[in-house]
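Here are a few worked exercises to go through with the model open beside you. Try each task before reading its solution.

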There are 2 protein chains.
Amino acid sequence: MSMKTLMGTYNQSMDVKGRMSFPAKLREALGEQFIVTRGVDGCLFVYSQEDFDRKNEQLKNLPMKASKDFQRFFTGGATVAEPDKQGRILIPAALRKWAELEKDVIVLGVNDRCEIWSKEKWEEFNENIDSDALLEALEGVGF
Amino acid sequence: MSMKTLMGTYNQSMDVKGRMSFPAKLREALGEQFIVTRGVDGCLFVYSQEDFDRKNEQLKNLPMKASKDFQRFFTGGATVAEPDKQGRILIPAALRKWAELEKDVIVLGVNDRCEIWSKEKWEEFNENIDSDALLEALEGVGF
DNA sequence: TATTCATGGTGGTAAAAAGTGCGATTTGGT
DNA sequence: ACCAAATCGCACTTTTTACCACCATGAATA
């Protein structure tokens with residue numbers, strides 16, 4: 001089965017070489033190493049090795065026509081992240097650029113994944129979140 | 001099944017590190033640890049671990065496209081609160097900021113959840129409560 | 001070919017900030 | 001007045017930040 005629910009919002013900062021300390025609480029839940037790849041809405045997704053494997057397994061079994069592009073995006077963009085003794089991970093230059101990460105970054109725990117956002121993007125995204133509208137969208141699923 | 005009905009209004013205060021003592025009565029009903037996350041109208045919601053897990057389970061099984069925004073809001077805003085020996089819980093900086101919590105804080109028991117408000121916001125909200133209008137909103141839904 | 005230089009990645013340390021624990025005092029309800 | 005709950009201040013620990021020196025690689029140049 002899966003692991004503990006990832007959750008929470010964390011402010012972190014990146015050094016000039018593209019390393020950021022990954023929140024201790026999330027590190028605990030994800031294990032020794034994990035996978036960072038491209039996500040949706042311009043953020044990076046972070047999965048445990050196991051969950052990443054599981055997602056890939058799903059994708060592998062889909063018709064190529066439907067899944068090839070997403071696989072290039074998702075699997076092709078992936079990298080292994082191993083926190084160093086100080087809990088820092090290196091975000092490769094390509095991913096940094098893709099997600100427009102500079103100094104201030106936000107890390108989110110979202111159930112079975114984490115998300116890494118540039119602070120600017122997150123704030124913009126966040127401002128447009130309207131909790132009433134979200135609730136409405138989720139009526140029907142028993143919320 | 002669910003637990004005892006949460007109810008009441010409590011005035012609490014937060015220390016400089018963002019800890020607040022959580023009302024003893026509500027603590028009793030919620031258990032050893034519980035979840036604090038973003039709610040509606042600018043307050044924080046507090047759920048028992050079980051209720052939170054149940055909601056998350058629902059969310060996890062929805063297609064990402066439909067649920068991602070709400071998960072960011074709900075799960076991404078969540079944190080485990082574990083009262084210390086003095087009954088205090090820590091509200092993480094991100095949530096404090098989001099709910100604009102400073103020194104004076106109001107805690108409400110509302111059925112299966114609690115709500116944490118900044119005193120100012122609560123008073124403003126409270127002044128604008130019009131019981132006739134409230135009843136009206138409930139026509140149509142069988143109250 | 002050997003040298004320089006920019007770039008990306010690694011490792012470590014010191015200090016700041018965030019979080020935690022404890023004890024003493026105050027508050028508020030009964 | 002008494003007791004439990006809440007508040008406050010202080011010390012301590014962990015996590016994060018901000019630097020800095022170093023290494024490897026590959027491109028540019030003499």
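**Exercise 1. Around the DNA**

How many residues surround DNA strand C, and which are the closest?

*Solution.* Before counting, keep in mind that this is a predicted model, in which local features need pLDDT of at least 70, side-chain atom pairs count only at pLDDT 80 or more, and totals for chains, interfaces and linings use all residues. Residues are numbered from 1 along each chain as its sequence is written, while chains are lettered from A and ligands numbered from 1 in the order in which they are written.

Step 1: take a residue as near the strand if its C-beta atom, placed from the backbone, lies within 6 Å of it. Step 2: count 18 residues around DNA strand C, the closest being A:Lys17, A:Leu90, A:Pro92, B:Lys17 and B:Leu90. Step 3: sort by class, with Ala, Val, Leu, Ile, Met, Phe, Trp, Tyr, Cys and Pro as nonpolar, Asp, Glu, Lys and Arg as charged, and the others, Gly among them, as polar. The surface near DNA strand C then has eight charged, six nonpolar and four polar residues.

**Exercise 2. Where the chains meet**

Describe the side of chain B that touches chain A.

*Solution.* Step 1: call two residues in contact if their C-beta atoms, placed from the backbone, lie within 7 Å. On that basis, 20 residues of chain B are in contact with 21 residues of chain A. Step 2: find the elements, where helices (H or I, at least four residues) and strands (E, at least two) are DSSP runs numbered from the N terminus. Helix H2 (49-60) and helix H3 (64-74) of chain B each give two or more residues, and H3(B) supplies the largest share, six residues. Step 3: by class, this side has eight nonpolar, seven polar and five charged residues.

Step 4: compare the copies. Only 5% of the interface residues of chain B are also interface residues in chain A, so the copies meet through different surfaces.

**Exercise 3. Chain A as a whole**

What is the order of the elements in chain A?

*Solution.* Step 1: count six helices and eight strands in chain A. Step 2: read from the N terminus: β-β-α-β-β-α-α-β-β-α-β-β-α-α. Step 3: for overall extent, the C-alpha trace of chain A spans about 45 × 35 × 30 Å along its principal axes. Step 4: among contacts in chain A between residues at least 6 apart in sequence, 60% join residues at least 24 apart.
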